[in-house]
Amino acid sequence: MFIFFSPFLAPFSQLVAISFLLVNAALWIDPEFAEFPARAYSGMVETEFNLNQNNRIFGAVISSIHLMILSYGLWSVAKIFNRLNTGKWYLPEFGQCLRRFGLSLVLFTLMIPVVQVLMSLALTYNNEVGERMIQLDLDASTAPIAFVLFLIGILLSLMSAVLVRAGEVAEEYEKIV
């Protein structure tokens, strides 16, 4: 079954990575659509904030940087699937791509509270004094997902280290034999 889907997974991963960035940028263009990512990234569900042009630009930059981390990881996943499609999955580059994806998941997860604080600042910096805010919302419904993403990222990074070391041992073995 994997052999059937394998050729499609590399371009699909690249398409998803690009789509994340394009859809994010498109949402921030119109103030009506920008409210959705603004509330999602800032955690400010019932708080009033501005969505004028400067606020939307700051919001788009902050959310795009966050999504670039994930897109970089998805691009590494695409490289992994390309290596699998050509049968070159023992290469050290396979382990490096796996490490990049794992580290991108770790960094993406660790950046969630930072992005939330920056987004709340970006959306309320035009508010009157006393109505500007910094928001940090540790939501019980998303915290387990973030924790699992963090653990998966660490696990993938550790697995990549094992793969790289196994490749080094295999090269040493070939030299001996």
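Helices are DSSP runs (H or I, at least four residues), numbered from the N terminus. This is a predicted model, in which local features need pLDDT of at least 70 and side-chain atom pairs count only at pLDDT 80 or more, while totals for chains, interfaces and linings use all residues. Residues are numbered from 1 along each chain as its sequence is written, and side-chain values use heavy atoms, without hydrogens and water.

**View 1. Asn-24 in helix α1.** Helix α1 spans residues 2–29 and holds Asn-24. Asn-24 counts as buried because its relative accessibility is 5% (buried: under 20% relative accessible area, 1.4 Å probe, protein chains only). The side chains of Asn-24 and Ser-64 make a polar contact of 3.0 Å (N or O atoms within 3.5 Å, one able to donate a hydrogen and the other to accept it). Beyond neighbours within four places in sequence, Asn-24 is in contact with residues including Tyr-41, Ser-63 and Leu-67 (contact: heavy atoms within 4.5 Å).

**View 2. Helix α2 against helix α3.** α2 (residues 31–42) packs on α3 (residues 53–86) at about 50 degrees, with the axes 11 Å apart. Axes are lines fitted to C-alpha atoms over the stretch in contact, and angles run from 0 to 180 degrees between N-to-C directions. From α2, Pro-31, Ala-34 and Tyr-41 meet Arg-56, Ser-63, His-66 and Leu-67 of α3.

**View 3. Helix α3 beside helix α4.** α4 covers residues 92–124; its axis comes within 9 Å of that of α3, crossing at roughly 170 degrees. That makes the pair roughly antiparallel (over 145 degrees).

Conventions. Helix = DSSP H or I, 4+ residues; strand = E, 2+ residues; numbered from the N terminus. Buried < 20%, exposed > 50% of the residue type's maximum accessible area, 1.4 Å probe, protein only. Parallel < 35°, antiparallel > 145°, perpendicular 65-115°, else oblique.
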